[in-house]
Amino acid sequence: MSLEVVSQSRCFGGTQFVYRHASQETGTPMRLAAFVPPQAERGKVPVVWFLSGLTCTEENFTVKAGAQRTAAELGVILIAPDTSPRGEGVPDDPEGSYDFGLGAGFYVDATEEPFAKNYRMRSYVERELPALVAESLPADMGRQGITGHSMGGHGALTIALRNPGRFKAVSAFAPIASPMNCPWGEKALSGHLGPDRAAWRDYDSCALIEGGARLNDLLVDQGTADTFLESQLKPHLLEEACAKAGIPLTLRRQDGYDHSYFFIGTFIEDHLRWHGARLGL
């Protein structure tokens with residue numbers, strides 16, 4: 001495996017890269033963004049993963065969140081992968097909806113046809129991409145954090161819960177707290193995994209916590225003006241699951257904030273500093 005540079009730009013003393021590579025998991029070319037801070041010139045630095053939400057590519061977070069300034073100060077690599085496989089022959093939702101198919105990989109390994117061949121975002125983000133980052137970038141893989149937004153918040157939580165000890169810091173912005181209990185999640189999980197709800201539990205943070213998975217602590221920001229709050233995100237379910245399991249959860253309900261990148265841009269510095277404190281920075 002190798003990373004091909006698509007673009008690079010000097011940024012706060014570091015470099016913002018966009019890479020492309022051939023993925024064995026998805027069977028397609030995949031793109032990712034990586035901000036490498038100036039401290040990496042002297043040796044390996046910690047990594048923070050950001051998983052984006054529905055309809056997004058690697059570009060949304062990279063261009064809109066304004067995270068590079070704080071990442072450069074702290075000395076962390078920011079990795080933002082795409083949200084689904086893309087390209088000729090990759091199946092999409094035949095109805096053309098935004099919440100299934102291209103841009104909506106939901107960080108699952110699909111088992112249902114015609115999606116099973118390409119939609120393997122769980123294995124891509126959990127296994128293939130970390131190996132490629134460790135091989136190609138000055139990344140200290142012993143110090144990793146993970147965060148994400150909406151569908152990507154769901155991805156960050158479930159990946160961290162399924163991989164105990166891998167991530168020293170975990171946070172999320174407006175995550176889909178329990179995909180088994182909301183329309184986005186039910187559509188994605190049934191379409192990718194079939195009707196057996198027992199197979200969905202590996203992709204539901206509340207179900208994973210109920211099954212014994214644990215985190216040291218967790219930071220979640222949720223806007224109170226988010227139009228998806230009651231129907232799709234349901235942070236109270238995560239709050240209840242963490243309380244029952246004894247997981248320290250800092251759930252901040254941010255008055256008047258919506259689901260947009262204005263919300264993420266407002267609080268990304270807080271999240272990166274949360275990660276930095278747990279990564280020894």
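In the hairpin formed by strand 2 and strand 3, where six residues lie between the strands, G27 adopts a positive phi near 70°; helices (H or I, at least four residues) and strands (E, at least two) are DSSP runs numbered from the N terminus. The model is a predicted one, in which local features need pLDDT of at least 70 and side-chain atom pairs count only at pLDDT 80 or more, whereas totals for chains, interfaces and linings use all residues. Residues are numbered from 1 along each chain as its sequence is written, and side-chain values use heavy atoms, with hydrogens and water left out.

Strand 2 and strand 3 are antiparallel and share eight bridges, two strands being taken as paired if DSSP finds at least two bridges between them; within this pairing, Y19 has L32 of strand 3 as its bridge partner. Strand 2 (residues 14-22) is mostly covered, with seven of its nine residues buried, that is, under 20% relative accessible area for a 1.4 Å probe and protein chains only. On strand 1, S9 stands opposite Q16 of strand 2, and the two strands run antiparallel, joined by seven bridges. Strand 1 and strand 2 likewise form a hairpin, with two residues between them, and F12 in the turn has a positive phi of about 50°.

These strands belong to an open sheet of nine strands with mixed pairing, arranged in the order 1-2-3-5-4-6-7-8-9. Its edges are strand 1 (4-11) and strand 9 (249-254), each of which pairs on one side only, and the twist averages 20° from one strand to the next, with axes fitted as lines to C-alpha atoms, for helices over the stretch in contact, and angles running from 0 to 180 degrees between N-to-C directions. Strand 3 (residues 29-36) also pairs with strand 5 (residues 77-81), in the antiparallel sense and over four bridges, A34 standing opposite I79 in strand 5. Helix 4 (residues 151-162) packs on the sheet, touching strands 4, 6, 7 and 8, and its direction makes about 135° with that of strand 6, contact meaning heavy atoms within 4.5 Å. Helix 9 (residues 261-278) also packs on the sheet, and its direction makes about 170° with that of strand 7.

The lining of the largest pocket includes two or more residues from each of helix 6 (205-210) and helix 8 (235-245); a pocket is an open set of points on a 1 Å grid over the protein atoms alone where a 1.4 Å probe fits, with protein on both sides within 12 Å along at least five of seven lines, and lining residues have an atom within 4 Å of a point. Helix 8 gives the most to this lining, with five residues.

Methods. Buried < 20%, exposed > 50% of the residue type's maximum accessible area, 1.4 Å probe, protein only.
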